[in-house]
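Hello,

Here is the structure I promised to pass on to you. Have a look at it first, and then read my notes below.

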Amino acid sequence: YGFINTCLKSLVVEKYGEETWEKLRLQAGVQDSFLTFEVYRDEITMQLLDKACKILGVPADLVLKEFGEYFFEFCKRSGYAHMLRTLGGNLYEFIENLDALHSYLSLSYQEMNAPSFRVEKNEDGSMHLHYYSDRRGLCHIVPGIIGAAALDFFNIEISMEIVNQTEEEERTGKKEHIVFLVTQNPVFSYKERSESSSTPQYLADPEKQAENPLNKEDHDKAKNTMRDRGSSLCPVKRSHWKTIRGIITLGKGKLLRGFDPVYPKSLWIDTKTFCNGLPFHMVFDTELRVKQAGVSIQKIVPGLQTMGICLDHYFSIVHPEVPFTISSIQKFINSQFVFQTRREMMPESWKQRPMLELRGQMLWMESLQCMLFLCSPLLRSLHELEERSMHLADIAPHDVTRDLILLNQQRLAEMELSSQLERKKEELRILSKHLEEEKKKTEALLYAMLPQHVANQLKEGKRVEAGEFKECTILFSDVVTFTNICAQCEPIQIVLMLNSMYLSFDRLTTVHDVYKVETIGDAYMVVGGVPVPVPTHAERVANFALGMIIAARGVQNPVSGHPIQIRVGIHTGPVLAGVVGEKMPRYCLFGDTVNIASRMESHGVPSKIHLSSSAYQCLKHKDFEMAERGEIEVKGKGKMHTYFLIRNKTATENEIMGRP
């Protein structure tokens, strides 16, 4: 289920960061999020675990153990803490009831294929935990989960080691069967340690304890703590005094342990009442011959009315998946058993219906050498009840299965609603993600047209005030003989030529951090020091101009087939800048500096960079080689002293072009 994959994602994000998860999921080729009640292929989880090991550089067993520890905490956070805490009073009972928990959860998670656990006590206080699973290679999750549960619920530190690993023979199908040796040690708080260590003679020597039965209450607390947290988990041999103290609390007379039940000399219930009161029960002997059956099960499986018939002719064992023999059933006697009716042995009216499953407990009766199966129909909803043409009246009033069906019906409805909400939430998340991507594209387009701070002000609905810049450097360029080229070429050729040239120029604006103001036909205008004032505006524009000349050599003239030639003019001076218009607004520059820069371009020489005297003054003490052109007549300005920019003395061509 998606719950598992969500847990794995949460672990990676929480401990290693969002970037690691993104890298992990991309390498594994899986989606970013998972729906809790959706069923996913096992390969997705396996792929995520495999890539996690490689990316984190951690062995698989350690990753799985860490996942197991985190999974326990994740389950608690997800609302299962109370359910887990009440499974058992000690670790043995907790593990023993895990299968029952999985059985309950399968009512809601109907596709769940959970592992199975069987636990055995050893004389030395340790346990053997048998783990069965359809999935290979995940056994190292178990020490993580069990270890976390032991520490959290029972304050016990445990160590688990694999003592046997075989292809499962006890259960049908090829299953992985791992046997863990579980050893336990008490964990004390600082206070408990100091209390117990201060009186070692009383904890170690029961005779001295007997001489002082009413010693300090702290000593009793420390002793009880050791007994309750350690030895109560698995049976150990106790001294005479410990046994007495276990039965009666001195001075209070309260019975604590040593309960002995009282049984009647004969059973005060007749056969008919027993079969009616427990309508779903069966008794069978070591040869699987049926000796007794409840009335409701006889009604559903009429063959059971013939006493002595073999039970395995009418039923198969669904869980645990063991051979239908008395020895296999005895081995798993602490597990919940699920029987399913065999279709070929059912009455004709039942053959078109889903088969009935019975879930319950096995009890071995040594004196009779017979097995009692106390069970109830395994039904998850009213729909399943109707499918089998059954009614709530068929189930005994005392049987909580009636309540369970009704409660689970409500639970399934809530789950379906929750699942729909989760799907909607996921759809909204994806839409939000796409919206964010589109927003970024829109912003990138907007920032390409206007300076970022100006664009942000316009988005917020604010009026953008015009700004005065005391000094900036403006560049104009155009294509030599552009009019002649246009006259001799198809429009598409002109578009392709200009696009090729402008793409190169646009990349250079990023390399040298200058602002592209606009393009009109073949004219290209940039500025340095606007909209963000910088002291190096002249050097930036100069390097950009050198890059333009180099880039133009790579653009072909569609008429001659030779590289195109451009003129470049640069001038430095003050400008006023602001946004003009509301529809298709543009960030424009105003002032005589713009006119002079344009004149420098129009009075320039092909493949040369023409500088005004003010631009020359800004560059003359920098690492640029320049040549004097002399005085020229400039339209509308009279005589002006101008210069040519030749090269940057320290920068290579690759550096100017922004190549690696």
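A nonpolar core, as I use the term here, is a set of buried Ala, Val, Leu, Ile, Met, Phe, Trp, Tyr and Cys residues joined through side-chain atoms within 4.5 Å. Buried means under 20% relative accessible area, exposed means over 50%, and partly exposed is in between (1.4 Å probe, protein chains only).

Please keep in mind that this is a predicted model: local features need pLDDT of at least 70 and side-chain atom pairs count only at pLDDT 80 or more, while totals for chains, interfaces and linings use all residues. Residues are numbered from 1 along each chain as its sequence is written, and side-chain values use heavy atoms, with hydrogens and water left out.

Let me start with the cores. The largest nonpolar core has 60 residues, and L48, L84, L91, F94, I95, L129 and I146 touch the most other members. Helix α4 (residues 60-85) gives the most to this core, with ten residues; helices (H or I, at least four residues) and strands (E, at least two) are DSSP runs, numbered from the N terminus. Another core lies apart from it, with 41 residues, among them Y524, A545, V555 and L645. In soluble globular proteins, nonpolar side chains tend to be buried together.

Contact means heavy atoms within 4.5 Å. Leaving aside neighbours within four places in sequence, the contacts of L129 include I95, F117, V142, I146, M160 and F180.

Helix α6 (residues 98-108) is worth a look too. Nine of its eleven residues are buried, so α6 is largely enclosed by the rest of the structure. Among the buried ones are L98, D99, H102 and S108.

Next come the salt bridges, each a side-chain nitrogen of Lys or Arg within 4 Å of a carboxyl oxygen of Asp or Glu. By this rule the count is 32.

- R380 and E384 meet at 3.7 Å, N to O. Both ends are buried, with R380 at 16% relative accessibility and E384 at 10%.
- K470 and E468 meet at 3.9 Å, N to O. Here K470 is exposed at 68%, and E468 is exposed at 58%.
- D513 and R540 have their closest N and O atoms 3.0 Å apart. D513 is in the loop between α20 (491-512) and β12 (515-520) and R540 is in helix α21 (residues 537-552), so this pair ties together parts that are 27 residues apart in sequence. D513 is exposed at 52%, whereas R540 is partly exposed at 23%.

There is also a network of salt bridges that links K9, E22, R25, D32, E426 and R429.

Now to the sheet. Six strands form an open, antiparallel sheet in the order β6-β5-β10-β9-β8-β7, where two strands pair if DSSP finds at least two bridges between them. At the edges stand β6 (290-293) and β7 (315-319), each with a single partner strand, so one side of each has no neighbour in the sheet. Within the sheet, β9 (residues 357-365) and β10 (residues 370-377) run antiparallel and are joined by eight bridges. L363 stands opposite L372 in β10.

S296 is buried, with a relative accessible area of 13%. Beyond neighbours within four places in sequence, S296 is in contact with P279, F280 and D394.

Enjoy exploring!

Best wishes
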